[in-house]
Amino acid sequence: MEKSKIGNLKAGGIAIILCAIMILVSFSGCVQQQGTKPTIKNPTTYVRYDIGEPKTLDPAEAYDSASCENVFNIYDRLVSYKGNDTKTIHPSLATDWSVADDQLTWTFHLRQGVTFSNGDAFDANDVKYSFDRVLIVNSPDSGVSWILSQCMDLNSTTVIDPYTVQFKLTNTYGGFLALTAFSVASIVDQEYVEANGGVVADTDNTYLKENPIGTGPYMLDHWTHNSEIVLKQNPTYWGGWAGNHVETVVVKSADEASTRILALENGDADFAYIPYENLVDIRNKTGVLIFQAPSYDVVLGLFDTVSDNTIMADKNVRKAFSYAFDYQSAIDDAYSGNLYRLPGCIPKGMPYYETQNNGVPVYNFNLQQASEILNQSGYLRDYLFKGNYYRFNNTPIRIWYNSGNAERQKMALSFQQNLAKLGINSVVSTEGWPQYLQRMYHSVEWDFMFLGWMPDYNDPDDYIAPFVGSSAIGGDTFNTGWANATVDQEILKGKYNVDPTVRSNAYAAAFNIYINDPSLIYIGQNTYTRGMRDWLQGYSYNPVLEYYYYDYYKAYV
Amino acid sequence: MKTWEYIVRRLVLLIPVIIGVTIITFVVSHVIPADPARAFAGGPKAQPETIARIRAELHLDKPIWEQYFYYLNDLIHFNLGKSYLEDRPVTDALAQYFPATFELTIFAMLIAVPLGIAGGIISAIRQNKLSDHLTRIIAIVGYSLPIFWLALMLQYVFAYIFPIFPLEGRLSVGMAPPGPITGFFVIDSLFTGDGTALASSLHHLILPSFTLGFATLAIILRMTRSSMLEVMGTDYIRTARAKGLTERKVIYRHGLRNALIPTLTVTGLSFGGLLSGAVLTETIFNWPGMGRFAADSVLGLDFNSVMGFTLLVAVIYVVANLIVDLLYALVDPRVKLGGG
């Protein structure tokens, strides 16, 4: 008995000591390191910890951002962007280009002496082959070929001589040059592709998915699915390797935020995706910087104008709701300040942004104005329920967000509270992404949803047409059911014209109509936010070309 | 019944188990109102032709019983279909992820089983002594610590504060996997004579396998302890002692052998559980294994991947139980296979 008591006491003592050690260890991380800068880890290797992973490395199939970023670095295109400049298109495999007066015929002169990373020479035949291949393959898995088929067919590309190629568009298209800078317009090696599966109509090339060969600065070393993709310098790169460039690029797929944070803090990662709510964890940490810039990723609220309760069919209701949305709360509370207001369809940084009331949002949070619009439209607080008066006969407005999206959850709850102040009953619900899409596209049992949109290429047609174009012109991407014939006309005018003035007037005219009959709430433009080590140099954010590793190197400056 | 007859009979029983598992998983995953075809095709950016093609491939426009028939037909032909989230055949994905998880599980069990049994024996034969209290504390901690917390703390202490072990992954930054021969990096690096890869893969295994094995260690420890205590109090142990056998022989030849039966059961079930349920460990340590694959597939309603994973896990459970039953007979000669 006595021995047992002594044993228990000893065990208790040990348990206390263990707890004390754990507490000490927990607090030890709070001590900031002082003094000299830490040694640069893996000095010739750029390591990024991110979420998601590529689906393919074939430019004829790549459409998701993780796939496209690798294609951008392994392959080249005729033209490209540089640094963070989204306005200027620079030469790449093309040295110069011109467009004929008919606005249909584009002639590109090609760079000479370029080889693919396997040593094959590059010439105009590869260009024709690459563009035609995209149209023939017509990627069944991603459908990305639509970007080229907007204005091209198999007769469009002609080889004039080994270093001159001409495109005869099927119709004029204002965004043509911008789309030739997108990953789908990357140039592949004809000989290599033909030797490895060739081109089969409506069929993706399974070999090219994981075995890319391009003229770009980097080439694939290995790709371990759901783990990492590793690129090495292409020794034959036409741009040369003089100056500072990383030799190896490692992009790790790390789903857990705490792992990415620790990797960044201990220097394993040079660059990492850090969610907004975790920025506080890396702020003021030695050697760690927070990089922020406006992105082209926009956040929208969608009205279902054809929902079964018909409430959103009335444009005045949608206008009132646009005033009832607390934009500043979305910026401050949901996005922790990492959101810019969005005045209309076109994000800041993209051409023709200014056509939207010079970038000044038309709707601001104003419950008084929302209430007046509803009252004037006959939607009075006239339904008594449990001592409160409600509008719309107390019919609940169904607000949805996709599960796991904390920002949208906060916005939904805030919106619900503000609607309640107006006497509008609402319910906030969530579901997984496939179920969410089912609701959006195959059901009329929703009134309001949150969604985002990312760019394909740097032209406003990639935003305005899917957002407010009707289904008749291939728009209404969010299935809101909204349509306006004049807006459609203006969108098509902007799309099929290369004259900046004509395009500008068209987009301004469209804006003046759709903003007064809103089918969407234009909430904001995400701040692109990443954590990075202070030793990473040469990084700049371009919303079109998110990562261009050739510019990167590691050093203290 | 001969051993091989017993094995064959148990393996034949796999067929109804697989059919049952496919029916349940298929129905549960397909009755949820969802639009996986559009999700796979790119969500709002999906092109109508792509959505239509995926719907046709998955037979989503057909009644559910007909969809199941198509699935079963493919399964008979050893075709698990395509993983739409990964854009490659499910068999390719499983061929990559299964060895990763299996390797992790083997190392977790290598930590859990010997330490658990040894701890259990020590705890039992030194009941109410300091070592008993210590091992019981370890067992309670192992039981009660959430696995994600343990993983995060181990990362924080041993990869960040004291950077002794790597933070995550299976190999050092940028190192190409050895092989590919088996997908087990330790074995492949031995086959290829790649000492650097071997050292790196072993180094990377320590933290995640300890995390994964710690809870199992606790269970085995408790089970061995209670079983040993029960056995050590029986008449035949007293008889063995009365015969003048050394305490070592009494414990290991008479006590442990009989006490191991329940421990074996727990070990077998834990092995199956670790193989299928390592999602948290794999996510935190960025281990490209089946747990992460399964979780992503379930969330993304990637039917084929969910079905493929579930089938594999069902087979693993049946095989693990079969091995445990065979071991029963090995450990305890009184146990007759097949009840004969």
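Analyst: In this predicted model, local features need pLDDT of at least 70, side-chain atom pairs count only at pLDDT 80 or more, and totals for chains, interfaces and linings use all residues. Residues are numbered from 1 along each chain as its sequence is written, with chains lettered from A and ligands numbered from 1 in the order in which they are written. Helix α6 (residues 90-125) of chain B and helix α15 (residues 303-331) of chain B have axes that come within 10 Å and cross at roughly 50 degrees.

User: Why is α6(B) called oblique to α15(B)?

Analyst: Angles under 35 degrees count as roughly parallel, over 145 as roughly antiparallel, 65 to 115 as roughly perpendicular and the rest as oblique. The crossing is at roughly 50 degrees, which makes α6(B) oblique to α15(B).

User: Which residues of α6(B) and α15(B) meet?

Analyst: B:Val90, B:Ala93, B:Leu94 and B:Phe98 in α6(B) meet B:Asn304, B:Ser305, B:Gly308 and B:Leu312 in α15(B); contact requires C-beta atoms, placed from the backbone, within 7 Å.

User: What makes the buried residues of α16(A) line one face of the helix?

Analyst: In helix α16 (residues 485-495) of chain A, the residues A:Val487, A:Glu490, A:Ile491, A:Gly494 and A:Lys495 are buried (20 or more other C-beta atoms within 10 Å of their own; exposed means 12 or fewer, and partly exposed lies in between). Seen down the axis of α16(A), these buried residues fall within an arc of 135 degrees, so they line one face. The face turned away from that buried side carries the exposed residues A:Ala485 and A:Thr486.

Key: Axes fitted to C-alpha atoms, helices over the stretch in contact; angles between N-to-C directions. Helix = DSSP H or I, 4+ residues; strand = E, 2+ residues; numbered from the N terminus. Contact = placed C-beta atoms within 7 Å. Arc of directions from axis to C-beta.
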